Amino acid sequence: MKRVLTYGTFDLLHWGHIRLLKRAKALGDYLIVAASTDEFVTSGKDDRRPYHDHRTRCKMLEAVRHVDLVVPERSWEQKVDDIRRYHVDTVVMGSNWEGSQRFEYLRDYCEVVYLPRTEGISTRKIRRDLLADAVTDLGTPDHEPPPVTSQMAQLDRSA
Ligand code: C2G
């Protein structure tokens, strides 16, 4: 039984995440995902609170058929303990982490593999696109401000 471990926030779960999980599982028989807690993310790992809270992100990851176990990622320093506790053979991350000291030192404990990132999709991009849509929407006809009723005009006059 070859056991694989990967880490991430996995917020607004998207195709890039799913492709990473599928390829990570293909490197072994059992895939463990350490999902960053909200506290860990907001304590400096990232500059904003995840859209979905930790519990929701874990439930979504558990529903992915490639994933066998979801555990919490509470700090940068827990990785060696995780490798020992879950008897991990391989740690897998996306290529944006390639060569990072956050993972390279793990080579003393297990295999470390970086997989090419999926281009064109990211949680940050989804957020930005939705914001752009919302801004565009605001300008469209069906977002005409409601007609000023006589009552409102009266209020205005009396203000
Ligand atoms: N990913 C990918 N392609 C994308 C987006 C993400 O392959 N288009 C991969 C990332 O490289 C990472 C995983 O999906 O391996 C999860 O990505 P994030 O949720 O952004 O997690 P990250 O911030 O990289 O957290 O201790 C390590 C951290 O928890 C890693």
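How do the residues of the shell around the ligand divide into nonpolar, polar and charged? In this predicted model, the shell holds eight nonpolar, nine polar and four charged residues. Altogether, 21 residues surround the ligand. Those that come closest are Glu-73, Asn-96, Trp-97, Thr-118 and Ile-121.

Three elements each supply at least two of its residues: strand E1 (3-8), helix H1 (15-25) and strand E4 (90-94). Helix H1 gives the largest share, with three residues. As for its location, the ligand sits in the largest pocket.

For Lys-79, the corresponding distance from a side-chain N or O atom to a ligand oxygen is 3.1 Å. Gly-8 takes part through its backbone, where an N or O atom lies 3.4 Å from an oxygen atom of the ligand. Taken alone, the ligand exposes 630 Å², and the protein buries 92% of that area.

The structure holds eight salt bridges. One of them joins the side chains of Glu-111 and Lys-2, with an N to O distance of 3.5 Å. Because Glu-111 lies in strand E5 (residues 111-115) and Lys-2 in the segment before E1, this pair ties together parts that are 109 residues apart in sequence.

Definitions and conventions: Residues are numbered from 1 along each chain as its sequence is written. This is a predicted model: local features need pLDDT of at least 70, side-chain atom pairs count only at pLDDT 80 or more; totals for chains, interfaces and linings use all residues. Side-chain values use heavy atoms; hydrogens and water are left out. A residue is near a molecule or strand if one of its heavy atoms lies within 4 Å of it. A polar contact is a pair of N or O atoms within 3.5 Å; within protein, one must be able to donate a hydrogen and the other to accept it, and residues adjacent in sequence count only if both atoms are side-chain atoms. Accessible areas come from the Shrake-Rupley method with a 1.4 Å probe; for residues, only the protein chains shown count as cover. On a 1 Å grid over the protein atoms alone, a cavity is a set of points where a 1.4 Å probe fits but cannot get out, and a pocket is an open set with protein on both sides within 12 Å along at least five of seven lines; lining residues have an atom within 4 Å of a point. A molecule sits in a cavity or pocket if more than half of its atoms lie within 2 Å of its grid points. Helices (H or I, at least four residues) and strands (E, at least two) are DSSP runs, numbered from the N terminus. Ala, Val, Leu, Ile, Met, Phe, Trp, Tyr, Cys and Pro count as nonpolar, Asp, Glu, Lys and Arg as charged, and the others, Gly among them, as polar. A salt bridge is a side-chain nitrogen of Lys or Arg within 4 Å of a carboxyl oxygen of Asp or Glu.
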